[in-house]
Amino acid sequence: MNREENSDSIPIDLILEILSRLPAKSITRFHCVSKLWGSMLCRPYFNELFLTISSARPRLLFAFSKHGEWRFFSSPQPQNPYGKSSFVATADFHTKFSQNLNICNYTSGLVYFSAMWITKADVICNPSTGHYAMLPKLLLTYGETRSFFLFDPVGKQFKVLLMNKINNNETKDIHILTLGTRKVRWRKIQQCPLIHIVSHEWICMNGALYYIAYNIDDFLGYIVCFDVRSEKFKCLNLNQDCFSERSTKLIYYKGKLGVVNLKYAHGGGFPLKLCMWVLEDVEKQEWTTSVYTLRDEDRVVKVYYDLFIVGMTATGEIVLAKKKVCKPFYVFYFNLERNTLLSVEIQGFGEYQSCCSVHAFVDHVEDLNVYAFVEHMKKTYEYDATSISPPEQKL
């Protein structure tokens with residue numbers, strides 16, 4: 001049997017089933033195999049099949065920089081690890097950028113960089129393949145800016161919300177950019193009724209942006225909610241104990257907004273005290289409070305104020321990671337219902353295990369539809385492709 005006969009004997013559905021289990025970076029390369037393969041891999045059926053399989057194996061995404069260079073890694077999140085207290089996982093390298101970037105946030109599989117020091121333009125990036133696109137610039141003549149990368153799950157639209165700050169950090173003007181449309185322009189929208197200072201803690205969930213803010217007058221803490229679709233603001237009251245710790249984190253808890261903070265034992269180690277507030281009713285602004293104790297029974301690592309809360313997985317584990325990339329590097333998964341703590345040693349960072357600051361994101365899923373959006377952006381907007389070095393695909 002010759003090669004052509006053997007190839008023709010494999011059903012297309014089986015080929016797609018096999019390819020759907022490969023990384024997105026491989027799918028991108030296979031588009032160039034032939035016109036037939038390029039057509040097959042662009043079908044909505046294959047994109048949905050790939051997303052279904054990818055969603056069943058979410059990963060923990062890591063991003064950190066060294067000497068002006070960003071690198072992306074990911075490691076598998078534990079699936080049904082109960083009965084174990086620790087194990088080892090290997091991080092896979094994805095891509096790197098060779099220019100100084102300020103990482104801003106992560107939404108729906110894409111990473112958003114703001115205010116590149118060379119181009120002064122914002123960039124969205126596919127962390128799995130390294131493909132990127134620059135966004136239209138907004139020229140402001142005063143103050144600093146704070147931006148958020150958002151996603152509207154109903155309209156299937158990405159948006160960028162930009163807040164301009166004056167000298168006392170008070171927000172003055174607010175602009176928004178809707179991506180994916182033909183005529184893309186920055187629009188000025190109505191400000192939040194609360195005159196406030198925007199913190200660096202936020203989360204985008206269920207089509208809404210939530211971030212911690214402080215009132216200019218009394219400096220009390222609030223949760224500001226911004227509806228991505230209607231582009232309206234709303235302020236939520238919250239127990240001020242939530243803002244008493246530096247490690248306060250907003251999380252997605254069973255479809256609801258959660259606020260957690262971490263308190264160390266004397267000396268900066270285990271046991272850790274974790275307090276959580278859950279917004280049960282947005283309209284009535286009703287919150288419930290829970291307190292947990294995290295114990296490292298195996299004493300696999302000594303902690304001295306060097307953990308941060310990454311977020312909460314879809315399976316109900318709060319993830320904590322070390323703030324610096326060092327050897328050994330540990331990630332902890334705390335299950336609220338079982339009150340169990342799983343420690344995972346992450347290997348594979350190579351030369352980057354030299355105390356670089358860590359950015360991590362839970363439940364990273366590769367979505368070909370989202371990644372195709374980046375390619376659409378590159379064709380829609382004019383940008384200088386020589387202003388940043390092409391991302392490297394091999395380590």
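**View 1. Confidence along the chain.** This is a predicted model, in which local features need pLDDT of at least 70 and side-chain atom pairs count only at pLDDT 80 or more, while totals for chains, interfaces and linings use all residues. Residues are numbered from 1 along each chain as its sequence is written, and side-chain values use heavy atoms, with hydrogens and water left out. pLDDT is the predictor's confidence in each residue, from 0 to 100. The chain averages 80, and 82% of its residues reach 70 or more. Over residues 383-395 the pLDDT is also below 50, yet that stretch has 30 contacts beyond near neighbours in sequence (a contact means heavy atoms within 4.5 Å). Helix H1 (residues 3-8) has the lowest mean pLDDT of the elements, 50, and strand E27 (residues 359-364) has the highest, 93. Helices (H or I, at least four residues) and strands (E, at least two) are DSSP runs, numbered from the N terminus.

View 2. Helix H6 (368-380) and helix H3 (24-30) each supply at least two of the lining residues, and H6 gives the largest share, four.

**View 3. The sheet E17-E18-E19-E20.** Four strands in that order make an open sheet with antiparallel pairing; two strands pair if DSSP finds at least two bridges between them. Strand E17 (249-253) and strand E20 (286-294) are the edges, each pairing on one side only. Strand E18 (residues 256-263) and strand E19 (residues 272-281) share six bridges, and Gly 258 has Val 278 in E19 as its bridge partner. In the loop between E17 and E18 sits Lys 254, a residue other than glycine with a positive phi near 50 degrees.

**View 4. The sheet E5-E6-E7-E8.** Here is another open, antiparallel sheet of four strands. Its edge strands are strand E5 (102-107) and strand E8 (132-134). Three bridges join strand E6 (residues 110-114) to strand E7 (residues 123-125), where Phe 113 stands opposite Val 123 in E7.

**View 5. The hairpin of E15 and E16.** Strand E15 (residues 221-227) and strand E16 (residues 232-236) run antiparallel, joined by five bridges. Look for Ile 223, whose bridge partner in E16 is Leu 236. Four residues lie between the strands, and Glu 231 takes a positive phi near 60 degrees in this hairpin.

**View 6. A cis peptide bond.** Which two residues does the cis bond join? Lys 327 and Pro 328, with omega about 0 degrees. Pro 328 is in the loop between strand E23 (324-325) and strand E24 (329-335). Most peptide bonds are trans.
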